[in-house]
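Open the model in your viewer and keep the selection panel handy. We will go from one stop to the next, with a short note on what to look for at each.

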Amino acid sequence: MDWDTLIAEAGRARERAYAPYSGYRVGSALQTEDGSVFSGCNVENRSFGATVCAERVAIGSAVATGAERISAVVVITESRPPASPCGLCLQVLTEFGNPDLPILLVNTDGERLERRLADLHPHPFEMPVQGLGRFSQ
Ligand code: THU
């Protein structure tokens, strides 16, 4: 995995974060199975619940371009230690990535923690209906 490329993309996206309410900037970049890279930043709103996390912006961008499954994710924040994605984003990642999907948590000091999706979200919500949607397993 070319983590350095994804970290650079996530860092660039973080600089574009729209976070006037929290002041907390998040950048994310992901790679899909065909090698394409997509990025996202958090986009806040004065109606706080309308805020979207960086990870879900990146995922939406990938899906909107017809992307295949996700094979790697980077999240960059200023947190020490580097922050994990929120529960909503982890649940959304389970839709497009396998349980062993590598997620690299990075901070602006350069600390790196590599995790697997199933480490961070071991019991995702599952529906008992298979075969729906282009990403179903
Ligand atoms: N945020 C993300 O972008 N990703 C996460 O996984 C958790 C939180 C953003 C949302 C909000 O703009 C700010 O961080 C503070 O919660």
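**Stop 1: helix 2**

Select helix 2 and colour Ala54, Glu55, Ala58, Ile59 and Ala62, which are buried (under 20% relative accessible area, with a 1.4 Å probe and protein chains only). This is a predicted model, in which local features need pLDDT of at least 70 and side-chain atom pairs count only at pLDDT 80 or more, while totals for chains, interfaces and linings use all residues. Residues are numbered from 1 along each chain as its sequence is written, and side-chain values use heavy atoms, leaving out hydrogens and water.

Now look down the axis: the buried residues of helix 2 fall within an arc of 135°, so they line one face of the helix. The arc is taken from the directions from the helix axis to the C-beta atoms. Helices (H or I, at least four residues) and strands (E, at least two) are DSSP runs, numbered from the N terminus. Just after helix 2, click on Gly66, which has a positive phi of about 80°.

**Stop 2: helix 3**

Next select residues 87-96, helix 3, where Cys89, Leu90, Leu93, Thr94 and Phe96 are buried. They lie on the same side of helix 3 because they cover an arc of only 165° around the axis. Their packing partners are helix 2 (54-64), strand 3 (70-77), strand 4 (102-107) and helix 4 (117-120), with contact meaning heavy atoms within 4.5 Å.

**Stop 3: the cores**

Which residues have the most contacts inside the largest nonpolar core? Select Leu30, Ile70, Val73, Leu93, Leu101 and Ile103, out of 18 residues in that core. A nonpolar core is a set of buried Ala, Val, Leu, Ile, Met, Phe, Trp, Tyr and Cys residues joined through side-chain atoms within 4.5 Å. Helix 2 gives this core its largest share, four residues. Centre on Val73: beyond its neighbours within four places in sequence, its contacts include Trp3, Leu93 and Ile103. A second, separate core of ten residues includes Ile7, Ala29, Ala72 and Val74.

**Stop 4: the ligand**

Draw distances from ligand oxygen atoms to a side-chain N or O atom of Asn42, 2.9 Å, and of Glu44, 2.5 Å. For Cys86, pick a backbone N or O atom, 2.8 Å from a ligand oxygen.

Note on methods: Buried means under 20% relative accessible area, exposed over 50%, partly exposed in between (1.4 Å probe, protein chains only). A polar contact is a pair of N or O atoms within 3.5 Å; within protein, one must be able to donate a hydrogen and the other to accept it, and residues adjacent in sequence count only if both atoms are side-chain atoms.
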